[in-house]
Amino acid sequence: MSTEHDDHPAGGVRTAFRTCPLCEAGCGLEITVARDAAGVEAVTRIRGDQADVFSHGFICPKGSTLKQLHDDPDRLRRPLVKRNGVHEEVEWEEAWAVIADRLPALIHQHGREAVAVYLGNPSAHSLSALLYNRSLLQALGTRRRFSASTVDQMPRQVAAGYVFGSPVTVPVPDLDHTDFLVVMGANPYASNGSLCTAPDFPGRIEAIRARGGTVVVVDPRRSRTAEEADRWLPIRPGTDALLLAAIVTTLAEDGLIDPGAHVAAHLSGLGAVVAALAPFTADGVAAATGLSAEEIRLLARDLAAAASGSVYGRIGTTTTEFGTITSWLVDVVNIVTGNLDRRGGAMFSMPVAGGPTTRGKAGSGKGFAVGRGHSVASQHPEVMGEFPAAAMAEEITGAGEQGIKALITVAGNPVLSTPNSRRLDAALGELELMISVDMYLNETTRHADVILPPPSQLQRGHYDVALLQFAVRNVANYSDAVLPLDDGQPDEWEILARLGLVAAGLGPDADLAGVDGIGLAGMVRTSVNDPGSPIHGRDPDEILAALGDEPGPVRMLDFMLQTGPFGAAFGSNAQGASVALLRANPHGVDFGALQPRLPEILRTPSGTIELDHPVLLADLDRLRERIGAMEQQPLVLVGRRHLRSNNSWMHNIEVLVKGKPRCTLHVHPDDAERLGLHDGGVARITSRVGTVDAPVEVTDAIRPGVVSLPHGWGHDQRGTRLRVAAERAGVNSNVLADHDALDPLSGTSVLNGIPVDVVAAGH
Ligand SMILES: Nc1nc2c(c(=O)[nH]1)N[C@H]1C(S)=C(S)[C@@H](COP(=O)(O)OP(=O)(O)OC[C@H]3O[C@@H](n4cnc5c(=O)[nH]c(N)nc54)[C@H](O)[C@@H]3O)O[C@H]1N2
Ligand SMILES: Nc1nc2c(c(=O)[nH]1)N[C@H]1C(S)=C(S)[C@@H](COP(=O)(O)OP(=O)(O)OC[C@H]3O[C@@H](n4cnc5c(=O)[nH]c(N)nc54)[C@H](O)[C@@H]3O)O[C@H]1N2
Ligand code: SF4
Ligand SMILES: [Mo]
């Protein structure tokens, strides 16, 4: 354990350090654990770890609730099996027996494609899930994969894939050194940042201003982040691509396009892109964006004139009709202003472990493509091995003989998180078999025949393999489990690995450790054969012996750390990264500020930044055709986040949800007057696919013509076990999100800018 003073016998207190796994910030926590006379341990306090190399003591209100989460009586500690419509607690053996009885038989009868998988957001924050979902997916062999990515960041990844050759090559704002930050469609004061891992994001923003820099927020809402900024541009939802295009065109007109020599040497297609954007002038897009041409030109010129600057776009830019090209245009603006891959600009992390662009041949690669197969019902192309989450319902009920018959969810709550929730909710009821790996009986898992609960967050080791790929410093932090597993409780990796073995027909008693060893040996062999690997040419048996024989994610992580860019390389670099090094440094290890990574980071076939990828250029025609409609935009709905909430699943923690109800419809006073709504009244909101009633909060912190409702609420479903959440149920905004409204390049849903009608309820 990452523990100090651990030498107390019974009746002592110890301090453990661990990284918070709840959001992308990954703050260091200092956790006090008291042991009673009987030797039973309990967490007594959680606060920010002042010595953490990255978060320096910062913590948000959610971080300390890992204790409440662990103690929550509604958190599942034993598997549930549904019998006659009721979930019953069973022993693990019994749960596995039910799955072994039903899943292989279903696959045998209907084929592998009859099984689908949905992976939710926390599986990106769980070391076990990150490393073992892969083996589950391999064992299942289905192409019917869905995840929260297509209600989130997929457009950002697709754009990066085309331009840089790898979908993880996502630039992050160099927050700690930039002189000019443009935040588009993100509210880090509530979210703590996303695809930009930066604990105390708010503090880092304030530091920009304190050192004389400028912060501009582009958001239809005057969010807390906008309030703290120098400038707020209240853009019309869904029109960010136009704003970005017009910034490029303004700079072209002014002769200010200058990517800088470092980037120009590795850049292709800039001329074609600038020419393709020429029709998008500041005057031409002003009416559609709802901003003045002057404001747009000023932003362009200020950004170009800044000593360094960075445009950062997040969920308000990705979950829109033009999510992919908006993300691409963020890169284009960073490039034409000379800010890509330079200090204070938009830079690339050098992940200490598990970075796809820290392996293999540096500087070029196969590039990125989509469309290896299509979904059955609506023929959506595969993107990054997935189909749109919005298409899951129709793949269950609308694909005839080829319909999905069984669904496995891991750490996901798509009934609250994905579009046209009512349709999905009904479709889940049609499945022959559903299995969920989840710690709550909630709106989604209530449909599951078997629920397999992972241990609590405090009972698992942690290293954020996924999100440290997007960190604003190159940092590594590993923490062992703070508390031991409950009796009989398997670790999350064991649940996922065993589920794979059972699906493969090997039965619940198959040899997990053996299979795990085979997987690891495969990774080692690949690495010793990779000329770019620091262990190239070494004896695989020597490496395997050094990794030890304890199965599970920790030795896999050790392997990734040791063979990473800062790695110990099994003895070659004694001070380098390894699990041992991180265990000896429970506050994390800082490998320094971001450094330029061009051209080695590129994985495009040409070995250049392929800025004019034809798929992206072609989508500009669709954008141009939509300008007229954008100028006439009807009333639209956007989302928002609250600091004390986390998507759909932390609403059962009393200390987080108490106080004023948060699931309210924000309405501008002008709209309220026009629509006959008043503060505290109830509005009926109707979209193409659904209707909900929500309490009204009148506020001028939103652009007229836009209303806002947070997502992840609607905890009033029968058959769930969320006693606290049910008392403040709220309404599910995704009842309103349209399953057919997608960014076609990525399959990502439009969750911001949903056309709605709003009336006073009861009229
Ligand atoms: N309208 C609208 N919809 C949205 C969004 C929006 O902005 N607006 N945001 C979207 C975004 S960005 C995201 S990421 C998605 C999230 O969508 P999902 O990932 O589908 O949903 P979550 O609310 O994150 O639910 C997480 C589930 O995992 C369980 N869980 C928590 N921790 C663990 C764990 O460690 N292991 C396991 N096995 N289970 C665990 C919880 O009990 C819960 O059931 O929602 C999306 N939906
Ligand atoms: N407290 C808390 N923290 C979280 C989460 C949470 O649920 N709660 N969820 C986590 C997850 S999974 C994610 S992905 C991140 C998301 O992190 P962020 O991207 O920061 O998400 P939000 O806070 O929802 O901010 C999105 C902003 O986009 C604005 N917006 C809406 N439409 C548009 C548009 O068309 N254009 C522009 N420019 N802006 C628009 C909204 O008004 C809102 O202020 O947060 C993570 N952190
Ligand atoms: S910001 Fe809050 S939820 Fe996110 S990692 Fe830090 S303490 Fe955890
Ligand atoms: Mo997300």
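In this predicted model, a polar side-chain atom of R460 lies 2.9 Å from an oxygen atom of ligand 1, a polar contact being a pair of N or O atoms within 3.5 Å. Ligand 1 taken alone exposes 920 Å², of which the protein buries 97% (Shrake-Rupley method, 1.4 Å probe). Around ligand 1 there are 30 residues, with Y118, N121, D438, N442 and S648 coming nearest; a residue is near a molecule if one of its heavy atoms lies within 4 Å of it. The shell of ligand 1 comprises 13 nonpolar, 12 polar and five charged residues, where Asp, Glu, Lys and Arg count as charged, Ala, Val, Leu, Ile, Met, Phe, Trp, Tyr, Cys and Pro as nonpolar, and the others, Gly among them, as polar.

The residues around ligand 3 include C20, C23, C27 and C60, together with K62 and N192. This shell divides into seven nonpolar, three polar and one charged residue.

Helix α8 (a DSSP run of H or I, at least four residues) covers residues 240–253. Its 14 residues reach 20 Å from the first C-alpha to the last, close to the 20 Å expected at 1.5 Å a residue, the expected span being 1.5 Å times one less than the number of residues. Because 12 of the 14 residues are buried, α8 is largely enclosed by the rest of the structure (buried, under 20% relative accessible area; exposed, over 50%; partly exposed, in between; 1.4 Å probe, protein chains only). Just after α8, G255 has a positive phi of about 70°.

The structure holds 41 salt bridges, each a side-chain nitrogen of Lys or Arg within 4 Å of a carboxyl oxygen of Asp or Glu. One of them pairs R102 with D449 at 3.8 Å, N to O. R102 lies in helix α2 and D449 in the loop between β17 and β18, so this pair ties together parts 347 residues apart in sequence. R102 is partly exposed at 32% relative accessibility, whereas D449 is buried at 15%. In the salt bridge between D516 and R555, the closest N and O atoms are 3.1 Å apart. That pair links helix α19 to helix α21, 39 residues apart.

Residues are numbered from 1 along each chain as its sequence is written, and chains are lettered from A and ligands numbered from 1 in the order in which they are written. Local features need pLDDT of at least 70 and side-chain atom pairs pLDDT 80 or more, while totals for chains, interfaces and linings use all residues; side-chain values use heavy atoms, with hydrogens and water left out.

Note on methods:
A polar contact is a pair of N or O atoms within 3.5 Å; within protein, one must be able to donate a hydrogen and the other to accept it, and residues adjacent in sequence count only if both atoms are side-chain atoms. Helices (H or I, at least four residues) and strands (E, at least two) are DSSP runs, numbered from the N terminus.
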